[in-house]
Amino acid sequence: MIVYEYAPNGIQKRVKRIMLEYHKWILDMDIPYRVLISEGDKSPRIAFVASLNGVNGFYSQAKFHIAVSKEKWAELNSEQKEFVIDHELTHLRLRMKKGGEVATDHEGLPRIMIRRHDIEDFTEVIKRRGINVMEGNKTFFKEIKKLSNKGRKKKGAVELAKSTK
């Protein structure tokens, strides 16, 4: 069974600092969010982000949450933790109306959507932080390989990272 609780202050502060640096639009728009830590998660993921709409958003009073696996988080060094949080925040996007306006909920708060896990998602973060940060993390490189093998026409994350050294 997976148990979630609010993440310790150190993780909360790290998320906020990374938002200020690379994802300031979230703070500028005063979008409520939660940072959680999970225990007992058997999946290979280190962290995930989820948008919260409807009942989930109502009860949590947040538009999205980031959850990190306590067990996997403990295995990462500081740079890897930064990479993971930056990566998860990169998934967030504003939902837009057809006319180009930001879609809002019944409280007038922006609606959040999650960008799919795509090779472009990794390249944004790799450009900022470099690929060597995640060296030795099998889960990360397994995901990169899986995405690179999907036959995308765009330059793969590994090749891009090597070209930006």
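## Layout of the chain

Helices (H or I, at least four residues) and strands (E, at least two) are DSSP runs, numbered from the N terminus. By that count the protein chain has eight helices and six strands, and from the N terminus on its elements run β-α-α-β-β-α-β-α-α-β-β-α-α-α. This is a predicted model, in which local features need pLDDT of at least 70 and side-chain atom pairs count only at pLDDT 80 or more, while totals for chains, interfaces and linings use all residues. Residues are numbered from 1 along each chain as its sequence is written, and side-chain values use heavy atoms, with hydrogens and water left out.

Residues 24 or more positions apart account for 68% of the contacts (heavy atoms within 4.5 Å) with a separation of 6 or more.

## Aromatic pairs

A search of the whole structure finds two aromatic pairs. Rings of Phe, Tyr and Trp (its six-membered ring) pair if their centres lie within 6.5 Å; planes under 30 degrees apart count as stacked, over 60 as edge-to-face and the rest as tilted. The rings of tyrosine 4 and phenylalanine 48 have centres 6.5 Å apart and planes at 85°, so this pair is edge-to-face. It links distant parts of the chain, with tyrosine 4 in strand S1 (residues 3–6) and phenylalanine 48 in strand S3 (residues 47–51), 44 residues apart. Tyrosine 4 is partly exposed, at a relative accessible area of 37%, whereas phenylalanine 48 is buried, at 17%.

Tyrosine 33 and phenylalanine 64 form a stacked pair, 5.5 Å centre to centre with 10° between the planes. Here tyrosine 33 belongs to strand S2 (residues 33–39) and phenylalanine 64 to strand S4 (residues 64–69), 31 residues apart. Both tyrosine 33 and phenylalanine 64 are buried.

## The nonpolar core

A nonpolar core is a set of buried Ala, Val, Leu, Ile, Met, Phe, Trp, Tyr and Cys residues joined through side-chain atoms within 4.5 Å. The largest one has 29 residues, of which Ile11, Val15, Phe64, Ile66, Val68, Ile85 and Leu89 touch the most other members. Helix H1 (9–22), S2, S3, S4, helix H5 (78–90) and helix H6 (119–129) each supply at least two residues of this core.

Leaving aside residues up to four places away in sequence, isoleucine 85 touches Arg14, Val15, Ile18, Ile66, Val68 and Trp73.

In H1, Ile11, Arg14, Val15, Ile18 and Met19 are buried. Seen down the axis of H1, the buried residues fall within an arc of 135° (taken from the directions from the helix axis to the C-beta atoms), so they line one face of the helix. The face turned away from this buried side carries the exposed residues Asn9, Gly10 and Lys13.

## Glutamate 5 in strand S1

Glutamate 5 has its place in strand S1 and is partly exposed, with a relative accessible area of 49%. Not counting residues up to four places away in sequence, glutamate 5 touches Val35, Leu36 and Ile37. Glutamate 5 and serine 38 are 33 residues apart in sequence and 6.6 Å apart in space, C-alpha to C-alpha.

Note on methods
Buried < 20%, exposed > 50% of the residue type's maximum accessible area, 1.4 Å probe, protein only.
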